[in-house]
Amino acid sequence: MSEGGKLKVAVYKFSSCDGCQLQILNAEDDLLELADLVEISYFMEATRRTKPGPYDLSFVEGSISTPEEEKRINEVRQNCKTLVAIGACATAGGIQALRNWSDVEHFKKVVYPNPEWVAALKTATPISAHVKVDLELMGCPINKDQLLFVIAQLLRGKKPYVPTYSVCLECKARGTPCVVVSKNIPCVGPVTMAGCGALCPSYGRGCYGCFGPMDDPNPKGLIDYFLSQGFDKGDVLRLLRMFTGYSEKFRKAVDEYE
Amino acid sequence: MSKEIKVDYLARVEGEGALDIKLKDGKVETLQLKIFEPPRFFEAFLVGRSYLEVPDITARICGICPVAYQMSSARAIEKMIGLNVPDDVKVLRRLLYLGEWIESHTLHVYILHAPDFMGYESALEMARDHADLVRAALRLKRWGNRIMEILGGRSVHPVSPRVGGFHRCPKKEELEPLLADVSDVKRTAMDAIGWAAHLNFPDLDRKAEYVSLHHDKEYAITEGRIRSTGGINAPEDEFDKLFVESQVPYSTALRSLVGGKRPYVVGPQARVNLNHDELAPEVLDKAKESGISFPLENPYMSIVARVLEVAHSVVEAEAIVRGYRTPSAPYVDGRPKAGEGAAITEAPRGALFHRYTIDNGGMVKKARIVSPTAQNQSSMEADLLELAPSLAKMTTEKATLLCEQTIRNYDPCISCSAHFLKLRVTSE
């Protein structure tokens, strides 16, 4: 706790696009109120003033993809009470985890003229592969309302509630006709964690799984269904091997078909 | 006498960077602007993905300007397979892009950059003394985000844009709530011009070459020809012939230079300098009234360029919303065919170049992306070198702040610059 008895909050970035941190700044209407309720002690994107830890609550964005990050995440863990991994990179490795099925040395050569100077691990992995994570907020990006709700619950000393069910329930709740049934569009909403508000189907497209697997999903069943409907196998598998493709449940299902 | 200015982790920039300058007898001994943003290898893992997935994937390069990545990649692919996006869909893309400009510029102007000019560590601290300014800025930012939310579903990584247009175009009544507070938003944006024009700009005299898209009929954002204050006038496809990325032995940085030789500047200041005639008349009037004259030469005046673009964006966005009719089809479709295509659009931070090669099945064979920050890095370094003699006379604290402010002039989005890792300049 800070001297004023406020929760000391830190925000960290690892391999990522900054989008999840930006969701904190995107809480425009609530940002200044939030800043009054907690002490933002470390948030490099927003302020150059940093206060030393330990912190009560650390938000971690990004996946672990370099040797330096591998070390730094341990320091972050040791310096906080509660660690919340935010976003697809921190919870599933993110889009850069596509390298995990390839040879990173080859990737270096594709992008850099002098690949020998580039320090990168063979894999990009979620925070939980390295340290204990107390809570995971999914999404590419995270939903800012969910983030504010979680902070509010933590401020009250409650265990934050996050959904466990699939995007399908959100589609039904907002009255969006199922895109698989009505438009014959492949959609991975049936195996994807709710939290976005079922955005993609409401825009007439299939869910691409950016919130990662729901609790206890059946991706194999979904893949088999799409294949039985005559969809291209490559298209179906790539839909699950995208922003959260390296999450264990999606990974295992897709790997089986290759 | 020697002095070292060290910033281990640059604050209030998007991504991770550091600065290290060593001065000896008033001269620069070494200057290192280090980018330690981890490489994410987008151009490598895009290979083997479908052309339809490219805008969704490249959006993830940057959470602050995802629309720019979606638009440059979508346009490159549309050119390649010969898709003509109709004007009524194009204008909606422009509206989405204006939303991103408002959101991104407002974030930078007030939250990241203004504290330098006003003497604060952060906007949150600034808010204690200037609550009205910060609240007005957040309302403005909110308005830009709302445009993106309506058109794209969400402001970070919007889901509706696609190759050929949008998955779904909004109905007029979905856009109309934007008009409810537009007069308040417009007043805030116009007032900001007067406010920014009267900030204190540190002296820095460096003649830079400015590069941006130019379009005769509109303030260039989504398409145009490449123009520069050095006389370049070329189609967008020639970008990678004109600007050469090179690597130097003492650095792991890829740096983009005109003809492989001269630094150049992209971004709001470049656009305003090259395209101020296409700014909305009321924005130009307000600029004149505030004593702003073109070109803006001092790099610290990039904040002025940004507020001019925000005001223009609000004016144009309002006009688009008022005249909006839902397009007859949200997107155009076509069969992929083997080929190559390149496109530039103006990301908030400057020209963003994409080039793709796909095969007959529509799978990406090759991808190349040049981000604005990669292009501006040489100019940041040139500004810092120019500044160096005066740094020697300052306290380390002041010198450090000034260096940071100088880098922030470019609103560097280091997350986007997956291309470079470390920059080091040694001067004898």
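The following conversation goes through selected features of a predicted two-chain model.

Student: How are residues, chains and ligands labelled here, and what does the model require of local features?
Tutor: Residues are numbered from 1 along each chain as its sequence is written, while chains are lettered from A and ligands numbered from 1 in the order in which they are written. This is a predicted model, in which local features need pLDDT of at least 70 and side-chain atom pairs count only at pLDDT 80 or more, whereas totals for chains, interfaces and linings use all residues.

Student: Let us start with the sheet of β11, β12 and β13 in chain B. In what order do the strands lie?
Tutor: The order is β11-β12-β13 in chain B, in an open sheet with antiparallel pairing. Strands are DSSP runs of E with at least two residues, helices are runs of H or I with at least four, and both are numbered from the N terminus. Two strands pair if DSSP finds at least two bridges between them.

Student: Which strands stand at the edges?
Tutor: β11 (339-347) and β13 (364-370) of chain B do; each has a single partner strand, so one side of each is left without a neighbour in the sheet. Neighbouring strands of this sheet are turned by 15° against each other on average, direction ignored. Axes here are lines fitted to C-alpha atoms, for helices over the stretch in contact, and angles between N-to-C directions run from 0 to 180 degrees.

Student: How many bridges join β11(B) to β12(B)?
Tutor: There are 9 bridges between β11(B) and β12(B), residues 350-358, and the two strands run antiparallel. Within this pair, B:E340 stands opposite B:T357.

Student: Which helix lies across those two strands?
Tutor: Helix α3 of chain B, residues 66-81, lies across β11 and β12 of chain B and runs at about 150° to β11(B).

Student: What is the length of α3(B), end to end?
Tutor: Its 16 residues reach 23 Å from the first C-alpha to the last, close to the 22 Å expected at 1.5 Å a residue. The expected span is 1.5 Å times one less than the number of residues. Just after α3(B), B:G82 takes a positive phi of about 75°.

Student: Is α3(B) mostly covered or uncovered?
Tutor: α3(B) is mostly covered, with 14 of its 16 residues buried. A residue is buried if 20 or more other C-beta atoms lie within 10 Å of its own, exposed if 12 or fewer, and partly exposed in between, with C-beta atoms placed from the backbone.

Student: How do α3(B) and α4(B) cross?
Tutor: The axes of α3(B) and α4(B), residues 87-118, come within 9 Å and cross at roughly 150°. That makes α3(B) roughly antiparallel to α4(B), a label given to angles over 145 degrees, while those under 35 count as roughly parallel, 65 to 115 as roughly perpendicular and the rest as oblique.

Student: Which residues make the contact?
Tutor: From α3(B) they are B:V67, B:A68 and B:M71, and from α4(B) they are B:R93, B:L96, B:Y97 and B:E100. Contact means that the C-beta atoms of two residues, placed from the backbone, lie within 7 Å.

Student: Changing topic: where does B:N409 lie?
Tutor: B:N409 is in the loop between α15 (396-408) and β14 (425-426) of chain B. B:N409 is buried, with 25 other C-beta atoms within 10 Å. Not counting residues up to four places away in sequence, B:N409 touches B:P299, B:Y300 and B:S302. The C-alpha atoms of B:N409 and B:M380 are separated by 8.5 Å, and the two residues are 29 apart along the chain.

Student: Now chain A. Is β2(A) largely enclosed or open?
Tutor: Strand β2(A), residues 38-43, has 5 of its 6 residues buried, so it is largely enclosed by the rest of the structure. β1(A), residues 7-13, runs parallel to β2(A) and is joined to it by 5 bridges. In this pair A:V9 stands opposite A:I40.

Student: Which peptide bonds are cis there?
Tutor: The bond from A:G53 to A:P54 is cis, with omega near 0°, and so is the one from A:C140 to A:P141, with omega near 10°. A:P54 lies in the loop between β2 and β3 (55-61) of chain A, and A:P141 in the loop between β5 (135-137) and α6 (144-155) of chain A.

Student: And what is the phi of A:N184?
Tutor: Phi of A:N184 is near 60°, a positive value in a residue other than glycine. A:N184 counts as exposed, with 10 C-beta neighbours inside 10 Å.
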